[in-house]
Amino acid sequence: MSVLTRDEAQTRAQLLDVQHYTVDLDLTTGDETFGSTTTIRFTARAAGDTFVELKPETLHSAALDGTPLDPATLDGNRLPLTLTEGEHTLDIATTMRYSHTGEGMHRFTDPTDGESYTYTQLFMEDVQRVFAAFDQPDLKAVFAFSATLPDGWTFLSNGRTEQRPDGRWQAAPTPLLSTYFVCVAAGPWHSIRTEHAGLPFGIHCRRSLAPHLDADADEILAVTRACFDRFHEKFDEPYPFDSYDQAFVPEFNPGAMENPGLVTFRDEFVFRSAVTETERMTRAMVIAHEMAHMWFGDLVTLRWWDDIWLNESFAEYMGYQTINEACSDLFADTWLDFGIDRKAWGYEADQRPSTHPVAPDPDAVPDTASALLNFDGISYAKGASALRQLVAWMGEKDFLAGINIHFKRHKFANATLADFIDNLAAATDRDVHAWADTWLRTTGVDTLTPRLEGEARTWRLTVDRDGSRPHRIAVGIYDRDAAGDLVLRDRPWVDVPQTAPLELDGPRPALVVLNDGDLTYTKMRFDAVSQETALRSLSRIPDALTRAVVWNALRDMVRDGELAATAYLETAAAHLAEESELAVVQGVLAFARTQLADRYVTEADRPAALATLTAISRDLLRRTEDGDAPDLRLAAVRTLIDSATTPDKIASWLDEGTVHGGPELDPELRWRILARLAVLGATDETAIAAELDRDPSATGQEGAARCRASLPAPEAKAAAWAAMFETDDLSNYLFNATARGFWQPEQADLVREYTTRYFPAAIALADRRGPAIAEAAGRHAFPTHAVDADTLALGEHHLAKDTMTPALHRKLVDQLDDLRRALRARG
């Protein structure tokens with residue numbers, strides 16, 4: 001199959017003006033394939049040769065202006081076309097194959113009730129798996145869908161849908177859309193429909209999740225309405241589509257997809273089990289993020305994939321900011337969660353060899369395969385951080401004015417970075433072009449360090465910068481009071497680089513926190529006195545966001561080899577039991593459990609690290625016995641389960657169906673306990689099968705796959721390996737679950753032989769199954785437990801020697817860089 005290059009897309013865009021697609025689907029032909037016929041009306045501005053893309057199981061017929069084309073001329077995914085100047089009609093009839101990897105038309109059969117569902121994910125090149133298309137973002141067109149469905153199914157699409165008298169379904173024609181935004185979803189959906197602002201709103205899920213969606217419907221719809229209203233306060237352009245549906249679909253690869261009028265979400269957001277407030281906040285943020293795309297991405301769309309940040313950075317920033325503004329009655333400060341959790345994703349991605357600018361040079365994204373690699377922490381978290389700093393620098397009023405100019409000038413069309421910056425510049429006196437050059441065209445993370453000079457009551461603060469970007473930051477100046485608490489003395493604004501040191505009145509501060517308020521994107525360090533204060537008195541800092549900034553600085557110091565992992569764990573043990581903010585507790589525990597305990601501490605120190613995490617969890621359980629903080633208690637229970645080194649306590653919880661003092665065990669906690677017992681060799685296939693009988697859902701199937709792969713027996717590992725790498729039967733979610741269970745630090749000797757087999761097996765798998773499974777093989781199936789020089793050398797050998805799919809290559813580059821960092825930290 002040929003990937004589309006930027007040069008080819010530009011040439012085709014100059015040749016063609018595409019007006020209209022009519023697509024008819026037949027989803028009654030069985031479980032493996034479906035029928036797809038397409039009629040495309042378009043105009044050629046001149047005579048010339050081009051192609052239309054499709055990836056059929058069978059190409060039955062093709063005709064250009066009524067003249068048959070030879071199906072045998074289909075070359076990979078390209079059907080060549082020779083055009084005269086003027087209007088044309090292309091008719092194509094195909095049989096297409098359903099996907100089980102979340103790409104194209106994904107088909108899923110729910111093990112709970114046997115009902116089947118299909119939905120599309122047409123990002124990048126996957127529209128070609130569903131219907132023929134001129135597949136590039138700057139050839140927008142109107143789309144009209146019809147479908148023949150099995151009895152009892154309903155049809156969702158980008159526009160309003162209805163069932164015709166003949167039983168077939170029809171969707172209203174769309175406004176101008178890029179091909180990758182087209183979406184259909186069909187099945188016996190459970191739907192909740194309402195109306196807001198004169199438009200039909202709906203939320204949908206598979207029938208087996210109906211009770212859980214019903215339980216959350218009020219909150220989901222309240223968030224949806226609040227964000228919709230808030231965006232209409234911010235944006236001059238009204239919502240540009242005829243309805244707003246949100247479908248929670250099974251085995252979805254991303255968190256969500258911004259299809260106009262029909263946003264699709266992974267259906268883990270329909271919570272079957274107890275969740276914390278931060279998890280509910282994340283769902284709300286994703287709802288806001290995808291709705292922001294209706295304007296930035298859907299109404300105004302990138303011209304080529306080098307500008308993907310224009311979509312994702314904007315939606316990420318708007319998602320957090322809008323939930324913070326519109327849903328403050330439901331959730332605490334969303335920027336706290338962003339700072340402690342999401343931002344770390346950007347920092348980590350930006351320090352790897354695979355880093356790239358937020359807005360890469362067009363030459364760095366020459367084709368669709370390379371474009372797929374830029375959907376990462378840089379395009380999302382770093383880009384959102386850059387926009388947050390931009391708003392702090394130029395002011396929200398001018399920022400929104402520039403955004404509205406952008407929408408007005410480019411609605412239902414395509415735009416570039418240059419267009420965006422020009423439109424911002426039209427609304428401000430600030431030099432946003434220079435800002436864009438320093439923030440969007442460069443890579444890496446700056447590091448800011450305070451330097452204090454003086455004595456007695458005369459001190460001068462200089463902020464040293466290792467990097468090149470300008471920063472506008474707040475500096476927290478803290479003193480210690482008689483009780484030992486830290487008290488804010490002042491929080492002045494400082495522009496870095498400074499023109500002169502900041503003069504401080506009073507004694508030397510006990511703690512100086514740069515980037516207090518977390519309004520810029522930078523790593524932060526401490527002067528010697530402040531570092532000692534932070535380690536000893538972190539829980540005495542009054543503001544939660546300041547504590548998050550300090551925790552992030554300590555995290556970065558561990559990752560950079562400037563602070564021992566054991567020192568971070570000791571700090572967590574000293575302060576987490578007194579931490580009141582759930583997001584901080586969860587962020588610190590997640591980093592300590594998944595990175596420190598499993599990778600950064602030596603094998604000899606690992607039992608002590610797990611014991612520390614267990615002790616922290618028990619302290620939190622004791623603190624929450626009165627029931628006043630159920631979310632903190634749930635976070636503690638999860639960490640205690642994951643950190644258990646002996647089975648007795650958690651096995652007793654499983655037997656009794658409850659944690660002593662609460663909570664009752666729901667399916668998520670039961671599978672979590674069983675997975676840990678499997679790692680410890682304290683359960684077996686009989687118990688796993690019994691739990692699957694108790695919970696035969698799709699989530700239960702995934703839990704069982706993970707548990708079976710976690711069992712410390714040669715035959716269990718051999719079966720899991722064969723399922724992942726020797727057959728192609730696993731869906732994307734079952735592959736991920738099996739991979740998560742396979743490698744365990746406790747079982748290093750048992751799986752040692754598979755470490756050498758991993759690289760050639762992953763390369764072959766990626767070649768067979770495509771980008772989604774390639775990414776999963778690099779992310780979830782990599783032997784992260786094997787922190788040793790041999791694994792690093794083996795991986796580097798294969799990277800240098802073997803040709804592999806870009807998605808797998810990118811993940812392996814990142815994994816090996818993380819392995820080097822872990823080795824340095826151990827050293």
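Which residue stands opposite Thr264 in S19? Select Thr264 to find out: the residue facing Thr264 is Met257.

Before going on, note that this is a predicted model, in which local features need pLDDT of at least 70, side-chain atom pairs count only at pLDDT 80 or more, and totals for chains, interfaces and linings use all residues. Residues are numbered from 1 along each chain as its sequence is written, and side-chain values use heavy atoms, with hydrogens and water left out.

**Stop 1**

Helices (H or I, at least four residues) and strands (E, at least two) are DSSP runs, numbered from the N terminus.

**Stop 1: Arg107 and Asp31**

Next, select Arg107 and Asp31, whose side chains form a salt bridge at 3.0 Å, N to O. A salt bridge here is a side-chain nitrogen of Lys or Arg within 4 Å of a carboxyl oxygen of Asp or Glu. Arg107 is in strand S8 (residues 104–109), while Asp31 is in the loop between strand S1 (16–26) and strand S2 (33–44), 76 residues apart. Arg107 counts as buried because its relative accessibility is 8%, and Asp31 is partly exposed at 46%. Buried means under 20% relative accessible area, exposed over 50%, and partly exposed in between (1.4 Å probe, protein chains only).

**Stop 2: Arg206 and Asp110**

Move to Arg206 and Asp110, a salt bridge whose closest N and O atoms are 3.0 Å apart. Arg206 lies in the loop between strand S16 (199–205) and helix H2 (210–234), and Asp110 in the loop between S8 and strand S9 (116–121), so the pair ties together parts 96 residues apart in sequence. Both Arg206 and Asp110 are buried.

**Stop 3: helix H19**

Select residues 685–694, helix H19, where Glu691 and Arg694 lie three residues apart, about one turn of the helix. Their salt bridge has its closest N and O atoms 4.0 Å apart. Glu691 is buried, at 7% relative accessibility, whereas Arg694 is exposed, at 56%.

**Stop 4: a network**

Finally, select Arg230, Glu233, Lys234, Glu325 and Glu396, which are linked in a network of salt bridges. The whole structure holds 64 salt bridges.

Methods
Pairing = 2+ DSSP bridges.
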